[in-house]
Amino acid sequence: MNAPVISDSPAVSVTEISDPATVNAGLELLDQDAVQLESQPLRARRVIVRLGAASVLFHASNRRLRTSTSVQPGLLGYVTFGPQARGTVNGVPVRPGMLLAAAPDSDARFVVEPGWESITFLLPPEEIRLHRTARQWEGEFRLPRGVETLQASEALVCGLFDWGKRLVEIAVAQPALFNERETERVAAQVELIESLLATLRQAGDLVPSRGDRTRRSRSQIVRRAEEYSLARNGADLCVSDLCRVAGVSERTLDYAFKEVMGLTPVAYLTRLRLHRVRKALLAATPGSTTVSAQALTWGFWHFGEFARAYRVCFGELPSQTLQRRPEPPELRE
């Protein structure tokens, strides 16, 4: 197993995100990609508290987003959700007592609604093993394989979320406690692992309902169509091709996209490609590309329609994005 990424970043970092194309900037613990599902100003926040081997991440958003999130090699991820959080994980709706467990390199697809809050705990598997050995905790403990949806008592899972959010709030209010005092970080890491293990010992696999299985199946349809669209980035979006790849009828494809993303297949996949153009324009060095080159790369052949769609999605023309070179997300320690 690869070693987890070692960061030179401060123990506490706060990132305010107004552009989904910049969501992965400065994030070494996860690999994250976001698509905004509604054309209104985004105000999202990410707080990272690095405790040593373990880290605590807080995410919040005021808009509907689709995020694809991968855990970095050498790290386990456990995700808890705020009491008001609404959304889905790989098609399964978030609910009280739900807990997500993710193996290193595994990928989860989230669709989050406005008011979303989540706490993610990241740590190497070895830290859990060492802690269990030191405490002489008996009983089997199984590490996740891929992304697993777990269920425990609502009180336990809410307590774990509340512990993480309190830690984040203290870290934001008093960053020097963690940036300058290793003893505080070590103590918090021990408490994190004990709280996490106490919850996981009582957790079991979430038993999906019939509706869960249907939504999960529709999420897979969307995922296959999305992967096909990105792999054939320069080609026109053809519904018949999407149906063939997903192995479903046009009606089923339409139902799946509307339920999972709230958009038709072509509307969502067009928006996805617009986000890819934006990322390329923001990352471009002066003179290295043009708007038309990136539009063609992502299958936009009618430049006037492309420019209008881009402006509706992002509030500016693609030429302004290429010239603007926005500042990186605000970081406050």
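Predicted model: local features only at pLDDT ≥ 70, side-chain atom pairs only at ≥ 80, totals over all residues.
The largest cavity has a volume of about 370 Å³, and to find it in the viewer, select Gln32, His59, Thr67, Thr69 and Ser118, which are the closest to its centre of the 30 residues that line it. Next, colour the strands around that cavity: strand E2 (30-36), strand E3 (44-50), strand E4 (55-61) and strand E5 (65-71) each supply at least two residues of the lining, and among the others that do so are strand E6 (76-81), strand E9 (98-102), strand E10 (107-112) and strand E11 (116-123).

Then move to the cysteines and select Cys238, together with Cys243. The structure holds zero disulfides, and Cys238 accordingly is in none, with the nearest cysteine sulfur, that of Cys243, lying 8.6 Å away. Is Cys238 buried or partly exposed? Cys238 is partly exposed, because its relative accessible area is 31%. Select Cys313 as well, which counts as buried because its relative accessible area is 10%, under the 20% cut-off for that label.

Finish at the surface by selecting Leu296, Trp301 and Phe303, which form a nonpolar patch with about 300 Å² of accessible area together.

Note on methods: Residues numbered from 1 in each chain as written. Heavy atoms only, no water. Patch = residues over 30% accessible without salt bridge, like charges linked within 9 Å, V, L, I, M, F, W, Y side chains within 5 Å. Areas by Shrake-Rupley, 256 points an atom, 1.4 Å probe, with all protein chains shown as cover. Salt bridge = Lys/Arg side-chain N within 4 Å of Asp/Glu carboxyl O. Disulfide = S-S within 2.5 Å. Buried < 20%, exposed > 50% of the residue type's maximum accessible area, 1.4 Å probe, protein only. 1 Å grid on protein atoms, 1.4 Å probe; cavity = no way out; pocket = protein on both sides within 12 Å on 5 of 7 lines; lining within 4 Å. Points joined across faces, edges and corners; volume = space filled by probe spheres on them. Helix = DSSP H or I, 4+ residues; strand = E, 2+ residues; numbered from the N terminus.
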